[in-house]
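Have a look at the structure first.

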Amino acid sequence: MRSLRALLTVFLLSPFLFAQTATLHGIDLSDLDRKVDPCNDFYEFANGTWRANNPIPASMVHWSKRWQAGETSKDKLKDILEATAQDKTAATGSTEQIIGDYYGACIDESRVNARGADPLKPWFAKIDAAHDMAGLQQVMDGLHDISIPVPFYLGGQQDYHKPTWVLADIGANGFNMPEKDYYVEPDDRFKEARAKYVAHITTMFTLVGWDQKSSAAAAQTVMGMETKFAEASLALDELRDPSATDHNTTFAQLQAMVPHFDWTEFFHHKRLPLDVDMNMEQPKFMAEFDRQLQQTSLADWKVYLKWNVLNSMASALSAPIEQEDFNFFSKYLGGAQEMKPRWKRCVESTDQYLGEALGKKYVEKYFPPEAKARMQEMVRNLILAMRDDILTRPWMSDETKERAMAKIATFNPKIGYPDKWKDYSKVEIHRDAFFEDNIAGRRFVVEDDLQTVGKPVDRGRWGMTPPTSDAYENPLLNEIVFPAGILQPPAFDMTAVDAVNYGAIGVVIGHEISHGFDDQGAKFDYLGRLRDWWTADDMKQFKERGACVANQFESYFIEPGIHHNGKLVLGESIGDLGGAKIAYLAYMKSLQGKPRPADIDGFTPEQQFFIAWGQFRGDEIRPEQQRLMVESDPHPIAKYRVIGPLSNLPEFQRAFTCKADSPMVRPADKRCEVW
Ligand SMILES: [Zn+2]
């Protein structure tokens, strides 16, 4: 309790204290659709007018104030990149030269177009030069170096059983459509996607100069091989169970399982010792890989590798190739109507491959230290609320609670940007060669990951770049991470009252904390070990509570015949339910001992809190994107991320005095509560 008291002191001194004066604003009244009763459809009530007045831009697949803020950040990144691209005095290897020339080469569209598909030639020639499977395997080794790891990948991952150590993790990566279902399910929409994919591969090969007949034949070959790989792969909802991919493996076992691949050569190429600690995620997939090494012809393997190079590098090639790639993946599967402008694609590419070099410049200019300090306090308050919440769970034994407390005590929040930046000084970037620059960026990303293998965990590494408008939790490191990019309105707004900030970024923080205790996170202990730290009875109770949430989301339809996969979205839904509840608790606690804040524009503080969540989280989405998300995204669509958790909370029902039979109030026997 001593530490609890200490935290409470900090809590009351929080800078959010001052956010109770009349000059600060409440929720956005103009976003509300007042024709709708909040107890009937809270989603429509909270943000219906904003969505009606702000159609989705042609290049976007969702739209909301949050997405808008993410796109506005790219204007800031553009300013940085244009200034560095024009700076002729930057020394070779300096951050300015590397990001400036990368962006400068990318934006030079006429040069990229003039080269057509020529940059692929050396890579296709390497594949053609292989005279046998041994030669072809050496080509595969080289493709791994440029982030085209097919059909398996090898990367650094924390050892599930030795959490201070990074092992070599071997995973499945055999196909290019978003999820296994696209290859194996009999529904018409998947059949159509398969036919369109074959047509797409055909078109792509014709665009690099192949005749129609060989292109069409190549597409059939690729589809055949990818389908076999998909059949042997775990589905995304199966991958949520960490024990399904937990197979510590020795080199001898790897060789015995996949005897037709030259692992000695591969490990030598990767500069990894043969006795490196290793995990094989999907043995069944690796067996299929071995089968194809024996039974698929050399010629077919060559086609498969060429497709993967072409597909992976499409955005660094000329306009017709990039456009066709967009047409299939982003337009047909994702629902975007047109490509983003080239400058924005170049900003995104720089962020993807040189993220911390660009991110360093971004935080210098746009992330004030005060924002970091305020966020740190808020995270502390939310962690405290989660502690209180767990301690009061009637179904959990003291034994499990004690271990949960240990996990909470070791939570590591990271805010804004890394303490130590990655060193990009050896990345060679030239103004006149975007394709090769892109390859250099890819080599950096691969090498940066590979150098972690066989070493103690570096807890300072970040999994998102600083300008990213998002957040994450990593159960292996027991950390929650909030990049600078999300710490701006509408998530985090210093000109808004506490109710609004707790309802927006507060719920996001609570969501990330709750991930440590969702269906996946709960399986890792305070050190990040995959370990059963629960009593059997508590785990049973926890699973029953999770099943309630899974069933709730399973019942949410996005269109006739298509509903959410409760198992796939379970972790995110537990995160939203727990997040909304503990953010609300933290907000209530912040009001203790103070005069009650006045209503603003007729809304109580409690109502403002919930409306803020609806306004922050709400977005308009294209139907194609909804279908894609239901298949391949662990997040539910925004509508159900608002309606789902709030309809479970008695606090919401009270705030809007909703009748027990309202659509926004789940019947008592169906109400879910995990945390
Ligand atoms: Zn999440």
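## Starting at D181

This is a predicted model, so read everything below with that in mind. D181 sits in helix α8, which covers residues 181-184.

What does D181 touch once residues up to four places away in sequence are left out? The contacts are F190, R194 and E631.

D181 is buried, and yet it has no salt bridge. Which side chain of opposite charge is nearest to D181? That's R189, at 6.4 Å, while a salt bridge would need a side-chain nitrogen within 4 Å of a carboxyl oxygen.

## Zooming out to the fold

Taken along the principal axes, the C-alpha atoms fill a box of roughly 80 × 55 × 50 Å. If you take contacts between residues at least 6 apart in sequence, 75% of them join residues at least 24 apart.

## Surface and charge

How much of the chain is buried? Of its 675 residues, 58% count as buried, D181 being one of the buried residues. The accessible surface comes to about 27200 Å², with 52% of that belonging to carbon and sulfur atoms.

As for charge, the chain carries 77 positive and 97 negative side chains. The centres of those two sets lie 2 Å apart.

Methods
Residues are numbered from 1 along each chain as its sequence is written. This is a predicted model: local features need pLDDT of at least 70, side-chain atom pairs count only at pLDDT 80 or more; totals for chains, interfaces and linings use all residues. Side-chain values use heavy atoms; hydrogens and water are left out. Helices (H or I, at least four residues) and strands (E, at least two) are DSSP runs, numbered from the N terminus. Buried means under 20% relative accessible area, exposed over 50%, partly exposed in between (1.4 Å probe, protein chains only). Lys and Arg count as positive and Asp and Glu as negative; His and the chain ends are not counted. Contact means heavy atoms within 4.5 Å. Accessible areas come from the Shrake-Rupley method with a 1.4 Å probe; for residues, only the protein chains shown count as cover. The place of a charge is taken as NZ of Lys, CZ of Arg, CG of Asp or CD of Glu.
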